[in-house]
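Okay, thanks everyone, let's get going.

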Amino acid sequence: MKICDAHSHIDLSALKDLFAAKCVQKKCAFAFYKSQDWETLFDFLKSVNFSAIDSGCKFLLGYHPKFLDSNSNFALLEKLLQSGKFYMGEIGLDNFCGTPKNLQEEVFARQLEIASKLNLSVSLHVVKAHQKCLQILKNFKTLPKILLHAASCSPEEAAEYAKLGASFSLGLRELKSKHGKQLASSVPLKKILLESDKQDLLSIQILEVYREFFTFRKESENEICETLDQNFYEFFL
(Lines give C-alpha, C1' and ligand atoms only; values in the text may rest on other atoms or scores of the structure.)
Protein backbone atom coordinates (compact mmCIF):
# COMPACT_ATOMS: atom_id res chain seq x y z
CA MET A 1 0.00 0.00 0.00
CA LYS A 2 1.05 3.62 -0.48
CA ILE A 3 2.41 5.17 2.69
CA CYS A 4 3.71 8.65 3.46
CA ASP A 5 5.49 9.80 6.59
CA ALA A 6 4.80 13.51 7.08
CA HIS A 7 7.28 13.99 9.92
CA SER A 8 10.32 11.87 10.58
CA HIS A 9 13.89 12.27 11.78
CA ILE A 10 17.23 10.99 10.56
CA ASP A 11 20.85 11.81 11.29
CA LEU A 12 23.15 12.75 8.43
CA SER A 13 25.22 9.57 8.50
CA ALA A 14 22.09 7.43 8.29
CA LEU A 15 20.76 9.60 5.47
CA LYS A 16 23.94 9.12 3.46
CA ASP A 17 23.82 5.34 4.05
CA LEU A 18 20.16 5.27 3.07
CA PHE A 19 20.74 6.81 -0.32
CA ALA A 20 23.99 4.94 -0.93
CA ALA A 21 21.99 1.74 -0.53
CA LYS A 22 19.12 3.12 -2.66
CA CYS A 23 16.61 1.79 -0.18
CA VAL A 24 14.11 4.63 0.16
CA GLN A 25 10.77 2.85 0.46
CA LYS A 26 8.25 5.63 1.06
CA LYS A 27 7.53 9.30 0.73
CA CYS A 28 8.96 10.91 3.82
CA ALA A 29 9.58 14.36 5.30
CA PHE A 30 12.71 14.65 7.44
CA ALA A 31 12.94 17.52 9.95
CA PHE A 32 16.37 18.98 10.70
CA TYR A 33 16.30 21.41 13.62
CA LYS A 34 20.03 21.45 14.42
CA SER A 35 21.34 24.44 12.50
CA GLN A 36 24.90 23.10 12.56
CA ASP A 37 23.71 20.32 10.22
CA TRP A 38 21.96 22.50 7.64
CA GLU A 39 24.84 23.42 5.38
CA THR A 40 26.23 19.87 5.51
CA LEU A 41 22.82 18.56 4.52
CA PHE A 42 22.61 21.00 1.63
CA ASP A 43 26.12 20.04 0.43
CA PHE A 44 25.22 16.34 0.56
CA LEU A 45 21.99 16.81 -1.38
CA LYS A 46 23.86 18.91 -3.92
CA SER A 47 26.51 16.19 -4.26
CA VAL A 48 23.85 13.69 -5.35
CA ASN A 49 22.16 16.24 -7.65
CA PHE A 50 19.22 16.42 -5.26
CA SER A 51 18.14 12.92 -6.27
CA ALA A 52 17.04 12.39 -2.67
CA ILE A 53 14.30 14.95 -3.20
CA ASP A 54 13.32 13.45 -6.54
CA SER A 55 12.86 10.07 -4.84
CA GLY A 56 10.05 11.42 -2.68
CA CYS A 57 11.98 12.62 0.36
CA LYS A 58 11.34 16.12 1.64
CA PHE A 59 13.58 18.08 3.99
CA LEU A 60 12.54 20.65 6.57
CA LEU A 61 14.75 23.25 8.23
CA GLY A 62 13.82 25.44 11.18
CA TYR A 63 14.56 26.44 14.73
CA HIS A 64 12.75 24.14 17.17
CA PRO A 65 11.45 26.02 20.24
CA LYS A 66 13.16 23.64 22.64
CA PHE A 67 16.63 24.27 21.24
CA LEU A 68 16.70 28.05 20.87
CA ASP A 69 19.28 30.55 21.99
CA SER A 70 19.84 34.21 21.16
CA ASN A 71 22.07 33.37 18.19
CA SER A 72 19.51 32.20 15.63
CA ASN A 73 20.99 32.74 12.18
CA PHE A 74 17.96 33.80 10.15
CA ALA A 75 20.15 34.89 7.23
CA LEU A 76 21.52 31.36 6.87
CA LEU A 77 18.07 29.83 7.22
CA GLU A 78 16.59 32.12 4.57
CA LYS A 79 19.54 31.57 2.23
CA LEU A 80 19.10 27.79 2.35
CA LEU A 81 15.34 27.98 2.02
CA GLN A 82 15.70 30.21 -1.03
CA SER A 83 17.40 27.28 -2.79
CA GLY A 84 13.95 25.79 -3.31
CA LYS A 85 15.11 22.45 -1.92
CA PHE A 86 13.65 22.72 1.58
CA TYR A 87 10.51 23.42 3.56
CA MET A 88 10.24 24.95 7.03
CA GLY A 89 9.86 22.98 10.23
CA GLU A 90 9.53 22.11 12.86
CA ILE A 91 8.92 25.55 14.33
CA GLY A 92 6.49 26.83 16.93
CA LEU A 93 5.85 27.19 20.63
CA ASP A 94 6.36 24.75 23.51
CA ASN A 95 5.22 25.58 27.05
CA PHE A 96 6.79 22.39 28.40
CA CYS A 97 10.37 23.27 27.46
CA GLY A 98 12.58 25.68 29.35
CA THR A 99 13.08 28.21 26.57
CA PRO A 100 11.81 31.68 27.56
CA LYS A 101 8.39 32.30 26.03
CA ASN A 102 9.29 35.72 24.65
CA LEU A 103 12.25 34.23 22.77
CA GLN A 104 10.09 31.42 21.40
CA GLU A 105 7.47 33.86 20.18
CA GLU A 106 10.05 36.16 18.59
CA VAL A 107 11.81 33.35 16.72
CA PHE A 108 8.53 31.74 15.69
CA ALA A 109 7.19 34.98 14.22
CA ARG A 110 10.46 35.68 12.41
CA GLN A 111 10.47 32.24 10.82
CA LEU A 112 6.85 32.61 9.76
CA GLU A 113 7.80 35.86 8.06
CA ILE A 114 10.47 34.02 6.06
CA ALA A 115 8.09 31.18 5.16
CA SER A 116 5.40 33.62 4.08
CA LYS A 117 7.87 35.62 2.01
CA LEU A 118 9.10 32.48 0.24
CA ASN A 119 5.67 30.77 0.21
CA LEU A 120 7.05 27.62 1.82
CA SER A 121 4.97 24.99 3.58
CA VAL A 122 5.47 24.99 7.36
CA SER A 123 5.39 22.16 9.90
CA LEU A 124 4.37 23.44 13.35
CA HIS A 125 5.44 22.11 16.74
CA VAL A 126 2.94 23.35 19.34
CA VAL A 127 2.75 22.02 22.91
CA LYS A 128 0.25 23.54 25.36
CA ALA A 129 0.48 26.85 23.51
CA HIS A 130 -2.26 26.71 20.88
CA GLN A 131 -3.97 29.98 21.79
CA LYS A 132 -0.73 31.95 21.55
CA CYS A 133 0.20 30.13 18.33
CA LEU A 134 -3.17 30.96 16.78
CA GLN A 135 -2.81 34.58 17.88
CA ILE A 136 0.55 34.87 16.12
CA LEU A 137 -0.69 33.12 12.99
CA LYS A 138 -3.68 35.45 12.77
CA ASN A 139 -1.32 38.44 12.71
CA PHE A 140 -0.29 37.45 9.18
CA LYS A 141 -2.35 38.71 6.28
CA THR A 142 -1.18 35.78 4.15
CA LEU A 143 0.06 32.43 5.41
CA PRO A 144 1.76 29.56 3.62
CA LYS A 145 0.43 26.03 3.92
CA ILE A 146 0.50 24.91 7.55
CA LEU A 147 0.71 21.41 9.00
CA LEU A 148 0.18 20.94 12.73
CA HIS A 149 2.72 18.23 13.52
CA ALA A 150 1.86 15.80 16.36
CA ALA A 151 -1.58 17.40 16.46
CA SER A 152 -3.35 17.05 19.77
CA CYS A 153 -5.45 20.17 20.20
CA SER A 154 -9.03 20.55 21.35
CA PRO A 155 -11.89 20.48 18.81
CA GLU A 156 -12.35 24.22 19.34
CA GLU A 157 -8.67 24.91 18.66
CA ALA A 158 -8.75 22.58 15.65
CA ALA A 159 -11.64 24.60 14.24
CA GLU A 160 -9.57 27.79 14.56
CA TYR A 161 -6.62 26.17 12.80
CA ALA A 162 -8.96 24.91 10.08
CA LYS A 163 -10.11 28.49 9.42
CA LEU A 164 -6.47 29.24 8.60
CA GLY A 165 -6.36 26.34 6.14
CA ALA A 166 -4.21 24.13 8.35
CA SER A 167 -3.79 20.38 7.99
CA PHE A 168 -3.20 17.97 10.87
CA SER A 169 -0.50 15.31 11.21
CA LEU A 170 -1.05 12.43 13.63
CA GLY A 171 1.31 9.85 15.05
CA LEU A 172 0.77 6.84 17.29
CA ARG A 173 0.98 8.94 20.46
CA GLU A 174 -1.75 11.28 19.21
CA LEU A 175 -3.98 8.41 18.11
CA LYS A 176 -3.86 7.12 21.70
CA SER A 177 -4.84 10.50 23.20
CA LYS A 178 -8.32 11.95 23.72
CA HIS A 179 -7.86 14.94 21.44
CA GLY A 180 -5.92 12.97 18.84
CA LYS A 181 -8.71 10.43 18.60
CA GLN A 182 -11.23 13.23 18.11
CA LEU A 183 -9.15 14.71 15.31
CA ALA A 184 -8.65 11.32 13.65
CA SER A 185 -12.37 10.68 13.42
CA SER A 186 -13.67 14.19 12.71
CA VAL A 187 -11.19 16.08 10.52
CA PRO A 188 -11.85 15.74 6.76
CA LEU A 189 -9.51 13.17 5.26
CA LYS A 190 -8.17 15.77 2.82
CA LYS A 191 -6.73 17.65 5.79
CA ILE A 192 -4.88 14.76 7.43
CA LEU A 193 -1.39 13.33 7.21
CA LEU A 194 0.28 10.66 9.33
CA GLU A 195 3.75 10.56 10.84
CA SER A 196 6.23 8.40 12.71
CA ASP A 197 8.09 11.29 14.41
CA LYS A 198 11.04 8.89 14.60
CA GLN A 199 13.94 7.57 12.59
CA ASP A 200 11.85 4.88 10.93
CA LEU A 201 13.93 3.62 8.03
CA LEU A 202 12.18 0.25 7.82
CA SER A 203 8.70 1.83 7.96
CA ILE A 204 7.74 -0.21 11.01
CA GLN A 205 6.39 2.71 13.03
CA ILE A 206 4.51 4.45 10.23
CA LEU A 207 2.78 1.23 9.20
CA GLU A 208 1.55 0.85 12.76
CA VAL A 209 0.26 4.43 12.64
CA TYR A 210 -1.66 3.70 9.43
CA ARG A 211 -3.21 0.55 10.89
CA GLU A 212 -4.32 2.43 13.99
CA PHE A 213 -5.70 5.30 11.91
CA PHE A 214 -7.80 2.93 9.77
CA THR A 215 -9.85 2.07 12.87
CA PHE A 216 -11.10 5.66 13.17
CA ARG A 217 -12.38 6.11 9.61
CA LYS A 218 -15.31 4.90 7.58
CA GLU A 219 -13.40 5.16 4.28
CA SER A 220 -11.73 2.05 2.85
CA GLU A 221 -8.05 1.46 3.52
CA ASN A 222 -7.30 1.99 -0.16
CA GLU A 223 -9.16 5.32 -0.24
CA ILE A 224 -7.33 6.48 2.89
CA CYS A 225 -3.93 5.57 1.45
CA GLU A 226 -4.66 7.22 -1.88
CA THR A 227 -5.98 10.39 -0.27
CA LEU A 228 -3.08 10.72 2.17
CA ASP A 229 -0.64 10.17 -0.68
CA GLN A 230 -2.27 13.06 -2.55
CA ASN A 231 -2.28 15.18 0.62
CA PHE A 232 1.48 14.66 0.99
CA TYR A 233 2.06 15.62 -2.62
CA GLU A 234 -0.07 18.76 -2.35
CA PHE A 235 1.45 19.94 0.91
CA PHE A 236 5.01 19.52 -0.36
CA LEU A 237 4.51 21.03 -3.80
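So, let's start with C225: its relative accessibility is 5%, so C225 counts as buried, where buried means under 20% relative accessible area, with exposed over 50% and partly exposed in between, using a 1.4 Å probe and protein chains only. Quick caveat: this is a predicted model, where local features need pLDDT of at least 70, side-chain atom pairs count only at pLDDT 80 or more, and totals for chains, interfaces and linings use all residues. Residues are numbered from 1 along each chain as its sequence is written, and side-chain values use heavy atoms, leaving out hydrogens and water.

How many disulfides do we get? With a disulfide taken as a pair of cysteine sulfur atoms within 2.5 Å, the count is 0. C225 is in no disulfide, and the nearest cysteine sulfur, that of C4, sits 8.6 Å away. C133 is in no disulfide either; there the nearest cysteine sulfur belongs to C153, 9.7 Å away. C133 counts as buried too, at 0% relative accessibility.

Back to C225, one of the buried residues of α11, which also include I224, L228 and F232. Helix α11 covers residues 221-235, 15 residues in total, and reaches 21 Å from first C-alpha to last. That is close to the 21 Å expected at 1.5 Å a residue, the expected span being 1.5 Å times one less than the number of residues. Helices here are DSSP runs of H or I, at least four residues, numbered from the N terminus.

Last stop: E174, in helix α8, residues 172-175. At 4% relative accessibility, E174 counts as buried.

How values were computed. Helices (H or I, at least four residues) and strands (E, at least two) are DSSP runs, numbered from the N terminus.
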